[in-house]
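Hi,

Here is the structure I said I would pass on. Please open it alongside these notes.

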Amino acid sequence: MLRRLKADEAEPALPALLDPAGTLRPSIETTLHALLPHRVVLHVHSVNALAFAPRADGEALVAERLGGLRWAWIPYAKPGLPLTRAVQARLGGAPDILVLGNHGLVVGGSSPEEAAARLDAVERRLATPARAAAPADLPLLERLAGLSGGRYRPAQLTEAHAAATDPASFGMAARGALYPDHVVFLGPAPIPTLSAAQAAEWLRKPPEPAPALLLVAGAGALLRADLGAGAEEMAACLGLVLPRLDLAAPLTVLSPAQEAELLDWDAEKYRQSLNTAKP
C-alpha cells in the first residue's frame, strides 16, 4: 500500500522508488524540483549565474539585473533536502527564478517554452563578459606532465587553461571551492597554484592523495590522468567562471566542513564514481 512520505524520508527513499533495479539514481535535487509549483523546472549551473552566486554581494548585484522579475536569492545550503527546506522558506513571494548562492540557477514555467524563454531572459540579464586570457602553453604543459610519470596530463578542454593564463583568475583560484560540483569532481580546496619551476619540482613527487587539478601560472591546467569527463568539465567551468569575477570581488567559498559534507555523502559518492568516464 502506498503512503505519502515525510520530508525526512523522501531523499533516501527516492533511488529505490524511481529506479527499483538500482542501476541509476535520480537527481539529489528531486525534492527541490518537486517542491516548486511550476509544471516545468530547469536547473542549471550556468557560467553567468556562477559569476554572481559565490559573491558575498551577489544578491544585491542580481537585484540590479533582475528587477521586474519574480525571483529569490537562496543562501548556500547543502544540496538535497537542506536546500529544499531553504527554498521552501523563501517561496512566500511565489518566485519563478531562484538564484542559489554558491550553486546555480533554477527557473520554472508553465510549459517547456515558457521555462526556456524565462531562462534565456535571465541569462541575458546576468551575462558578464570574461577577461581575455592568453592561450595555453601546451608544449610546456606536456613537458611538465612528463615529469609526473603519467599521473598528470594537460586539460583537454581549452577553456580550463584560462584559470591559469589569466593572472587575476590565477590569483583567485586558490581561495577555495566556489560551488559543490567543484568539490565533487575536483576534490577539496585549495587547488595547487604554482609557477612552472615549482610545478616541475612538485610533479616529480605529488602529495598523496594527489590533487585532481594543478594550475601552472601563465601555462595552463594539468589534470590527474585517471580522471574523466566530469573533471574535464569542472576544470573548464572554473576557467569560464573565474575570468568573469573581479579580483576584488568579495567571494564566499565553501568551508572545510561544507566540503566534508559533500565528500562523505553517499549520494555524491555515486556522482564521484561517474568521474571515471573518459572524456
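First, the ground rules. This is a predicted model: local features need pLDDT of at least 70, side-chain atom pairs count only at pLDDT 80 or more, and totals for chains, interfaces and linings use all residues. Numbering starts from 1 along each chain as its sequence is written, and side-chain values use heavy atoms, with hydrogens and water left out.

The sheet. Four strands make an open, mixed sheet in the order S5-S8-S7-S6. Helices (H or I, at least four residues) and strands (E, at least two) are DSSP runs, numbered from the N terminus. Two strands pair if DSSP finds at least two bridges between them. The edge strands are S5 (152-154) and S6 (193-194), each pairing on one side only. S5 and S8 (residues 220-224) run antiparallel, joined by 3 bridges. Tyr 152 has Arg 224 in S8 as its bridge partner.

Helix H12 (residues 229-241). It lies across S5, S7 and S8, at about 155° to S8. Axes are lines fitted to C-alpha atoms, for helices over the stretch in contact (heavy atoms within 4.5 Å). Angles run from 0 to 180 degrees between N-to-C directions. In H12, 10 of 13 residues are buried. Buried means under 20% relative accessible area, exposed over 50%, partly exposed in between (1.4 Å probe, protein chains only). The cover over those buried residues includes H3 (47-50), H8 (162-165) and H10 (180-186).

The aromatic pair. The whole structure has 1. Rings of Phe, Tyr and Trp (its six-membered ring) pair if their centres lie within 6.5 Å; planes under 30 degrees apart are stacked, over 60 edge-to-face, the rest tilted. Tyr 152 and Trp 202 have ring centres 5.7 Å apart and planes at 65°, so the pair is edge-to-face. Tyr 152 sits in S5 and Trp 202 in H11 (residues 196-204), 50 residues apart. Both residues are buried.

Salt bridges. A whole-structure search finds 10. The cut-off is a side-chain nitrogen of Lys or Arg within 4 Å of a carboxyl oxygen of Asp or Glu. Arg 70, Asp 96, Glu 114 and Arg 118 are linked in a network. Within it, Asp 96 meets Arg 70 at 3.0 Å, N to O, and Arg 118 at 3.8 Å. Asp 96 is buried, at 10% relative accessibility. Arg 70 is partly exposed, at 46%.

Best wishes
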